[in-house]
Amino acid sequence: QMAEKEKDCANRLFYLALPPSVFKPITSMIKACCMSPTGWTRVIVEKPFGKDSASSADLSDHLQKLFKEEQLYRIDHYLGKEMVQNLISLRFGNMIFGPTWNRDSIASVTITFKEPFGTQGRGGYFDEFGIIRDVMQNHLLQILCLAAMEKPVTTSPDDIRNEKVKVLKAIPSLSLSSCVLGQYCGDPDSDHPDARLGYLEDPTVPEGSSCPTFAAAVLKINNERWDGVPFILKCGKAL
């Protein structure tokens, strides 16, 4: 059907805003039936990219067997927000921040993501991942990297990625003593009906779930610029 509507050179872009459980069968079908015969084909994979290291590596291996690297885009949609996109310009385009964006002038950095509502009937999906996989290890870590990285040689994706990787390599493994986890409960005095329901009162949440809906963590970056400066990441629902 697509080929019938296309004329001359036609490019095809597939955006996988889908549950991660169907990434593998969908991409296999794209490779088998939907590649453009006359132009380029690109596949955008939305986060979460796997549930842990093993599933992430498995998905990477699967995609690399189907597509070339230049055909794949692994994205975090949070980076599309205007505030996040402006971080690089804010840091490196303002001379005032150059000499002060370091441990000598900054005591700590707090990055917060909070939603004023709960799962709102999406608890079944959320319970599979929890707040750490859903927000902290992607959205907040990306912002941390943009805030902490050195100035890239150019603004090309590869150069920016390389500086982000240097930041991540300088962060020691997180210990449990540096983390706080929580789960929201209902407020019986609230005027809003949703606010009166706790996480476990969402009918789509498994009974007795211990899935965290709030997480806070303190990270350290062992390099010359940030040595001794705590980076505090906080995220939660129904805050």
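The model is predicted: local features need pLDDT of at least 70, side-chain atom pairs count only at pLDDT 80 or more, and totals for chains, interfaces and linings use all residues. Residues are numbered from 1 along each chain as its sequence is written, and side-chain values use heavy atoms, with hydrogens and water left out.

## The overall picture

The protein has six helices and seven strands. Here helices (H or I, at least four residues) and strands (E, at least two) are DSSP runs, numbered from the N terminus. Reading from that end, the order of elements is α-β-α-β-α-β-α-β-α-α-β-β-β. Along the principal axes, the C-alpha atoms fill a box of roughly 60 × 50 × 35 Å.

Of the 239 residues in the protein, 37% are buried. Buried means under 20% relative accessible area, exposed means over 50%, and partly exposed lies in between (1.4 Å probe, protein chains only). Contact means heavy atoms within 4.5 Å. Among contacts with a separation of 6 or more, 71% join residues 24 or more positions apart.

## How the helices pack

Two packed helices are described by the angle between their axes and the distance between the axes. The axes are lines fitted to C-alpha atoms, for helices over the stretch in contact, and angles run from 0 to 180 degrees between N-to-C directions.

| Helix pair | Angle | Axis distance |
|---|---|---|
| Helix 2 (residues 23–34) and helix 3 (residues 53–66) | about 5° | 10 Å |
| Helix 4 (residues 82–92) and helix 5 (residues 123–148) | about 15° | 9 Å |
| Helix 5 and helix 6 (residues 157–169) | about 105° | 9 Å |

Angles under 35 degrees count as roughly parallel, over 145 as roughly antiparallel, 65 to 115 as roughly perpendicular and the rest as oblique. For the contact residues, Ala, Val, Leu, Ile, Met, Phe, Trp, Tyr, Cys and Pro count as nonpolar, Asp, Glu, Lys and Arg as charged, and the others, Gly among them, as polar.

Let's start with helix 2 and helix 3, which pack at about 5°. That angle makes helix 2 roughly parallel to helix 3. On the helix 2 side, the contact is made by Phe23, Lys24, Thr27, Ser28 and Lys31, and helix 3 brings Asp58, Leu59, His62, Leu63 and Leu66. By class, these residues divide into four nonpolar, three polar and three charged.

Next, helix 4 and helix 5 pack at about 15°. Helix 4 is therefore roughly parallel to helix 5. Their crossing is right-handed, the term for a near helix turned clockwise from the far one by less than a right angle, with anticlockwise being left-handed. Val84, Leu87, Ile88 and Arg91 of helix 4 meet Ile143, Leu146, Ala147 and Ala148 of helix 5. This contact has seven nonpolar, no polar and one charged residues.

Helix 5 also packs with helix 6, at about 105°. Helix 5 is therefore roughly perpendicular to helix 6. Leu141, Gln142, Leu144, Cys145, Leu146 and Ala148 of helix 5 make the contact with Lys164, Val167 and Leu168 of helix 6. Its classes are seven nonpolar, one polar and one charged.

## The cysteines

A disulfide is a covalent bond between the sulfur atoms of two cysteines. With a disulfide taken as a pair of cysteine sulfur atoms within 2.5 Å, the count comes to zero. For Cys179, the nearest cysteine sulfur is that of Cys235, 11 Å away. Cys179 is partly exposed, at 27% relative accessible area. Cys211 is also in no disulfide, and its nearest cysteine sulfur, that of Cys235, is 11 Å away. Cys211 counts as buried, at 8% relative accessibility.

## A few single residues

Ser210 lies in the loop between strand 5 (179–182) and strand 6 (214–219) and is exposed, with a relative accessible area of 69%. Ser210 and Asp227 are 17 residues apart in sequence, and their C-alpha atoms are 35 Å apart in space.

Gln120 sits in the loop between strand 4 (109–114) and helix 5. Leaving out residues up to four places away in sequence, Gln120 touches Asp194 and Asp202.

Finally, Ala238 is found in the segment after strand 7 (231–236). Its phi is near 55°, a positive value in a residue other than glycine. Ala238 counts as partly exposed, at 32% relative accessibility.
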